[in-house]
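Trainee: I would like to go through the side-chain packing of this structure with you. Could we start with the rings and then look at a helix?

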Amino acid sequence: MEKIKYVPIKTLFEKAEEYIGKKVDVKGWVRSRRGNKYVQFVALNDGSTIKSLQIVFDLAKFSDDDLKDITTGSSIHVQGQLVESQGKGQTIEVQAEELEVYGTSDPETYPLQKKGHSLEFLREKAHLRPRTNTFAAVLRIRHALAYAIHKFFNDKGFYYFHTPLITASDCEGAGAQFQVTTLPLNDLPTDKAGNIDYSKDFFGKMASLTVSGQLEGELGATALGCIYTFGPTFRAENSNTPRHLSEFWMIEPEMAFYEIEDNMDLAEEFIKYCINYALEHCKDDIEFLAEHFDKELPARLKFVVDNDFVRLPYSEGIKILEQSGKKFEFPVYWGVDLASEHERYLVEDHFKKPVILTDYPKEIKAFYMKLNEDGKTVRAMDVLFPKIGEIIGGSQREENFDKLRTRMEELGLEGMEWYLDTRRFGTVPHSGFGLGFERLVLFVTGMQNIRDVIPFPRYPKNCEY
């Protein structure tokens, strides 16, 4: 083949006027093939865009033998003239002049045929599903959102802070952690009392995969001012639901000198920025997902971007729910940890705007949240979205040494003197929040199951690949 620089299909569509009439070099995977005894049409996709490029093979130039290996799923390399298309459904096409088949695909055994497949079926083929239009679109949006997150915080002067994946602390206090050990599981060493002797383990103590980078993030914030984490977290909850994963990614900014109001301002600005970025840079993919899965998706994204978020104390939210006249599956009362149905009612039915709920009862929130003057509630904040419920959870952190230590003693938390040191030495008001990345991707893509917005989902009884 002639030495020509390969051009991604996305570039050919975006800059067609530069390439029409020129010989181009394209590569990709075959989505479909059709035609007659005079001409064959191949839909080629290289992953750079939701759009496939039509390749036209004139059978006066190519024999049946030349084209026999071009089947759905095969990979090919084509050179030819890029021209305006005369047919419906595409604006440009390549008149093939040269062909190289990289890899064949047996049409009898290739799982991803042109017919539609259920998301459940594709979940079982997670190693191949990125080749489908649906999951390629989701993964491109996922990339765009990840980039937007880094850009947002970098442009605001935050520092990207790497917190450990292996830790001896449990930020959430729920105990749902994956243990990390090098001890022989079939012959665990024990002490005189019969307990496992962790002094013989690799770290000399019990260690686990992190459930959150927040506590270590606070250490960074009380030195650098404003930091954010963005990394994998792990939770061993036996939750087999469409909203839970055992391995997922978290974004956790922590800001010194931020009060709860500053925290809410940042959360609203941040989430709107990310959604706006996706609307601007992932238009084709969002339109595809809207057409095939959720026709209300673009309007719902604009709904969040165009509305100021309502800020509402938890106690007022409870009153609204109690007076709603709606029969909820889970009962409503002051002190309850709100369910998704309660959160969505406030957003979708009552206010018809995103809601930031504040000042939760201390008993249902984490130990590190700042106690309000009433002694019953803490300066927590949850951002509630349509279709999702809670998408962000955060708080002003308790900076008072005595109050924090008392709360930790009430809950029996030990071995965290290092955390208390941030209150011993130069304590300051500070705040932060956490956003589960997959929940953001779920919202922006309109997908219904969180297992469909991460390449290789981890959940109970599933750890493939």
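**Rings, charges and a helix**

Mentor: The model is predicted. In it, the charged end of Lys376 sits over the ring of Trp334, at 5.3 Å from the ring centre.

Trainee: And over which ring does the charged end of Lys365 sit?

Mentor: Lys365 places its charged end over the ring of Tyr360, 4.2 Å from the centre of that ring.

Trainee: Moving on to ring pairs, how many aromatic pairs does a search of the whole structure find?

Mentor: The search finds 22 aromatic pairs. One of them is formed by Tyr147 and Tyr277; the pair is tilted, with 5.9 Å centre to centre and 45° between the planes.

Trainee: Which helices do Tyr147 and Tyr277 lie in?

Mentor: Tyr147 belongs to helix α5 (residues 133-155) and Tyr277 to helix α7, so this pair ties together parts that are 130 residues apart in sequence.

Trainee: Is Tyr147 buried, exposed or partly exposed? And what about Tyr277, buried or exposed?

Mentor: Tyr147 has 44% relative accessibility and therefore counts as partly exposed. Tyr277 has 14% relative accessibility, so Tyr277 counts as buried, the cut-off for buried being under 20%.

Trainee: What does Phe270 pair with?

Mentor: Phe270 forms an aromatic pair with Phe433, which is tilted: the centres are 6.0 Å apart and the planes are at 40°. This pair links distant parts of the chain, as Phe270 is in helix α7 and Phe433 in strand β16 (residues 430-436), 163 residues apart.

Trainee: Are Phe270 and Phe433 buried or exposed?

Mentor: Phe270 counts as buried, at 0% relative accessibility. Phe433 is buried as well, with a relative accessible area of 2%.

Trainee: Which residues do ring pairs link into a cluster?

Mentor: The cluster consists of Phe152, Phe153, Phe158, Tyr160, Tyr228, Phe270, Tyr273 and Phe433, linked by ring pairs.

Trainee: Now the helix. Which residues of α9 are buried?

Mentor: Helix α9 spans residues 297-306, and its buried residues are Leu297, Arg300, Leu301, Val304 and Val305. These residues are on the same side of α9, because they cover an arc of only 140° around the axis.

Trainee: Which residues are exposed on the other side of α9?

Mentor: Ala299 and Asp306 are exposed there.

Trainee: And what covers the buried residues of α9?

Mentor: The cover includes helices α7 (260-281), α8 (283-292) and α14 (437-445), together with strand β14 (377-385).

Technical notes
Residues are numbered from 1 along each chain as its sequence is written. This is a predicted model: local features need pLDDT of at least 70, side-chain atom pairs count only at pLDDT 80 or more; totals for chains, interfaces and linings use all residues. Side-chain values use heavy atoms; hydrogens and water are left out. Buried means under 20% relative accessible area, exposed over 50%, partly exposed in between (1.4 Å probe, protein chains only). Helices (H or I, at least four residues) and strands (E, at least two) are DSSP runs, numbered from the N terminus. The arc is that of the directions from the helix axis to the C-beta atoms. Contact means heavy atoms within 4.5 Å. Rings of Phe, Tyr and Trp (its six-membered ring) pair if their centres lie within 6.5 Å; planes under 30 degrees apart count as stacked, over 60 as edge-to-face and the rest as tilted. A charge sits over a ring if NZ of Lys or CZ of Arg is within 6 Å of the ring centre and within 35 degrees of the ring normal.
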